[in-house]
Amino acid sequence: MLFELIYRSEADTNVSDDDLLNILGKARRFNSKNELTGCLLYNDRHFVQILEGEFNTLNELYARIRKDSRHHNIITLHMKEIASRAYPDWTMAFKALEADDMKSIKNALGISQFKELNSINEESPISKQLFWMVTQSIF
Ligand SMILES: Cc1cc2nc3c(=O)[nH]c(=O)nc-3n(C[C@H](O)[C@H](O)[C@H](O)COP(=O)(O)O)c2cc1C
């Protein structure tokens with residue numbers, strides 16, 4: 001069963017650009033070996049990540065991600081079975097969103113911070129829209 005998962009979290013205060021590169025390097029190697037795909041967004045020391053993959057593989061990785069000391073206050077926004085992947089070619093895309101990007105997001109979705117993303121019954125349509133928007137118009 002193929003699932004998609006979205007969470008948001010706060011980066012640890014010590015996290016540097018090198019840490020981000022390190023996270024992405026390891027993530028891409030692991031994800032490509034384990035048929036995991038997705039996209040990681042970063043703004044104002046907050047992460048939002050979408051991950052797609054087989055249910056068990058996805059949950060095992062998420063358990064490790066949740067224990068990672070480079071971020072905290074991890075909040076699951078969305079967990080849903082899917083028929084096919086939205087990002088089949090991305091082992092882990094990455095985008096740091098700047099103030100201008102956030103302005104476009106505010107205009108389209110009404111949120112100016114990742115902290116404002118919430119979940120209703122384990123689904124978060126607005127989080128899905130965020131990735132759709134970023135990947136369509138900002139990447
Ligand atoms: C925001 C964030 C996103 C991450 N995304 C992934 C990912 O997509 N795939 C991955 O293998 N590791 C990812 N990691 C790294 C894992 O948390 C963890 O360090 C890695 O799986 C190695 O686990 P281990 O130290 O228990 O061996 C991420 C870490 C952070 C902080």
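The structure is a predicted model, in which local features need pLDDT of at least 70 and side-chain atom pairs count only at pLDDT 80 or more, while totals for chains, interfaces and linings use all residues. Residues are numbered from 1 along each chain as its sequence is written, and side-chain values use heavy atoms, with hydrogens and water left out.

**Figure 1. Residues around the ligand.** The shell holds 15 residues, of which Asn31, Gln49, Arg64, Asp68 and Arg70 come nearest; a residue is near a molecule if one of its heavy atoms lies within 4 Å of it. By class, nine are nonpolar, three polar and three charged (Ala, Val, Leu, Ile, Met, Phe, Trp, Tyr, Cys and Pro count as nonpolar, Asp, Glu, Lys and Arg as charged, and the others, Gly among them, as polar).

Figure 2. A polar contact here is a pair of N or O atoms within 3.5 Å. The side chain of Asp68 places an N or O atom 2.7 Å from an oxygen atom of the ligand. For Arg64, an N or O atom of the side chain is 3.1 Å from a ligand oxygen atom, and a polar side-chain atom of Arg70 also lies 3.1 Å from an oxygen atom of the ligand. Taken alone, the ligand exposes 620 Å², and the protein buries 77% of that area (Shrake-Rupley method, 1.4 Å probe).

**Figure 3. The largest pocket.** The ligand takes up the space of the largest pocket, with more than half of its atoms within 2 Å of the grid points. A pocket is an open set of points on a 1 Å grid over the protein atoms alone, with protein on both sides within 12 Å along at least five of seven lines; lining residues have an atom within 4 Å of a point. The volume of this pocket is about 390 Å³. Its lining comprises 18 residues, and Ile23, Ala27, Ile65, Asp68 and Arg70 lie nearest the centre. Two or more lining residues come from each of β1 (2–11), α1, β3 and α2, and α1 gives the most, with five.

**Figure 4. The largest cavity.** A cavity is a set of grid points where a 1.4 Å probe fits but cannot get out. The count comes to one cavity of 30 Å³ or more, and the largest cavity has a volume of about 30 Å³. Its lining has one nonpolar, three polar and two charged residues.

How values were computed: A polar contact is a pair of N or O atoms within 3.5 Å; within protein, one must be able to donate a hydrogen and the other to accept it, and residues adjacent in sequence count only if both atoms are side-chain atoms. Grid points are joined across faces, edges and corners, and a volume is the space filled by probe spheres set on the points. Helices (H or I, at least four residues) and strands (E, at least two) are DSSP runs, numbered from the N terminus.
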